[in-house]
Amino acid sequence: MVSLFWAFLLLGVLILVHEFGHYITAKLTGVKVLRFSIGFGPKIIGFKAGETEYQISAFPLGGYVKLLAQEPSEEIPEGEEKRAFINAPLWVRFLVVFAGPAFSILFPIFIYFPLYLSVGELYGTRIGQVFEDTPAHRAGIVPGDIVRSYDGRETMYWDDMAVLIQKSWGRDVDVEIERDGELKKFTITPERFEYKDKLGDSVVIGQIGIAADAVPAAVGPVGENSPAYRAGVRTGDRVLKADGREVKFYYELDRIIKNAALSGKVLELQLQRRAEGEDFEQAGSIGENSEAAQPFMALLEPEQREDGSYSYGLVSADVIVGRVDEGSPAALVGIMPGDVVKSIDGKTVSSWTVIEKELRSKLDAPIELEIMRGSEKLVFTFSQKKEEVKAEYNQMVTRYRFGAWSALPYSEWVRGELVKVNGRLGFAVVRSVKTLIEITYQELVVLGKLFSGQLSFKMVGGPLLIFDVAGTAARSGIEEYLWMMALISINLGLINLLPIPILDGGHLMFFSIEAVLRKPVNRKLKERATMAGFFLIMLMMVLVLKNDIERYWENIVAWFS
């Protein structure tokens, strides 16, 4: 019942907005409005104000605005010929019909604006990670640097900077960095990175090898014979101090480790362990649920390698395998918890992010993984498993599974540095318009793929899906609900612009033909086209209901039983 309430509220608002577009445009252009109805069928409640009757009807999956003499067959009261819709200039008729979809498409701006206006902080451009053997790494950029400008444009927020990077692959770009209060200039050439998006399209973007989120100073030993393990370090331990200096991020710890290894000195660590019984899957910071997790000290005696360098056998917990799913590709090739991932397809793994990126870029290709198991180096080759699974709204989606997980959950990562939003009013306006354009374009692409057969019509849902989506979004919070309302509003507007007779787009098509021929479309031809459009819409509704029933069949059976 709760989902029904939120669904009817969502539909009611969107229908009201759409029909109000027709209504207000007709009023402003002098066309008489006889009736404004939310819903179809028999009237439930209503009233008349002036010349217009306002009502709520029995079936809420739509609405309409009844204009004076919408069709030539309708009678026009004496003296009101100029206010009849059929007698209005072509541009007026076009504008009145177009206004409904236009209001639906533009309405989300009024949703986005207050949401963006409420944003007081955004992630700044302080770098949390620099991946090895990437343009940023080769240029000398390090974690902790703040990007002040990119390609001559000032950068304040991470998202805006990311867009600039994605659009600049293959050419030299000037980057200005702030490090320890000083400005430094670098020249970077973003690398070309190709991946498949959710629609299966290949997307090419630029990347320089940085990330905003930083890996915390959580560590683990490289096998039970390592100096770290002998000193008492276990996977997931959080380093609080190293050689007397406080550390928060792994990149800070890594610098101390490398400096200590140059002379082969004993490394002194202060650590904190996870609470008893808490495993790597639990959210929150390490040990946050245990007041008894007291810090302890560990002295790491380095081992000298064959090449003369020193090692403490200590790595980030993020590159250690924490769990392997039974029956997964990772399990089948022999990967085990405790393995330390060194590289994937020749790329050095400094965090699990590197692994995820490679997995996304090679969904159907074999992948080579190099790991350390104690002092033994092993190489595994595997392919991800393609699976069809039910997603959040019972729709079937394709996913690719590797089946191994980091010992450090993403919930324990340190998020990027937040900075205050400057000029919040202007920011909200720009972001609202930009978001509307981006989402409208994405939905146009989806519609194009649906009608060209590149996407299955099974992904389309009807009333049951709308009820589910509205209820789920409402349970997630008002902000999620408003985002969903905006998305559905854009879809409603675009669908109504389809050139199918009986839809707004069909009327606009007839008006466009009339403008070219300089005379109205033949009445019989128009009636036949309208009938064909009606049957097409009915067929689409049947298919949509079929999709709904198949998607929610188990829920329907459970509800009736």
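Guide: The count comes to 31 salt bridges, a salt bridge being a side-chain nitrogen of Lys or Arg within 4 Å of a carboxyl oxygen of Asp or Glu. The model is predicted, so local features need pLDDT of at least 70 and side-chain atom pairs count only at pLDDT 80 or more, while totals for chains, interfaces and linings use all residues. Residues are numbered from 1 along each chain as its sequence is written, and side-chain values use heavy atoms, with hydrogens and water left out.

One of these pairs is Glu51 with Arg83, whose closest N and O atoms are 2.7 Å apart. Glu51 lies in the loop between β1 (33-49) and β2 (52-67), and Arg83 in the loop between β2 and α2 (90-106), so the pair ties together parts that are 32 residues apart in sequence. Helices (H or I, at least four residues) and strands (E, at least two) are DSSP runs, numbered from the N terminus. Glu51 is partly exposed, with a relative accessible area of 25%, and Arg83 is partly exposed at 27%; buried means under 20% relative accessible area, exposed over 50%, and partly exposed in between (1.4 Å probe, protein chains only).

Helix α2 itself contributes Arg93, which pairs with Glu514 in helix α13 (residues 504-517), 421 residues apart. The closest N and O atoms of Arg93 and Glu514 are 3.0 Å apart, and both residues are buried.

A further salt bridge joins the side chains of Asp145 and Arg179 at 2.8 Å, N to O. Asp145 is in the loop between α4 (135-139) and β5 (146-150), whereas Arg179 belongs to strand β7 (residues 173-179), so parts 34 residues apart in sequence are tied together. Asp145 is buried, with a relative accessible area of 1%. Elsewhere, salt bridges that share partners join Arg323, Asp325, Lys385, Glu387, Arg399 and Arg401 into one network.

As to confidence, the protein averages a pLDDT of 89, and 96% of the residues score at least 70; pLDDT is the predictor's confidence in each residue, from 0 to 100. Over residues 279-292 the pLDDT is below 50, and this stretch has 33 contacts in the model beyond near neighbours in sequence, a contact meaning heavy atoms within 4.5 Å.
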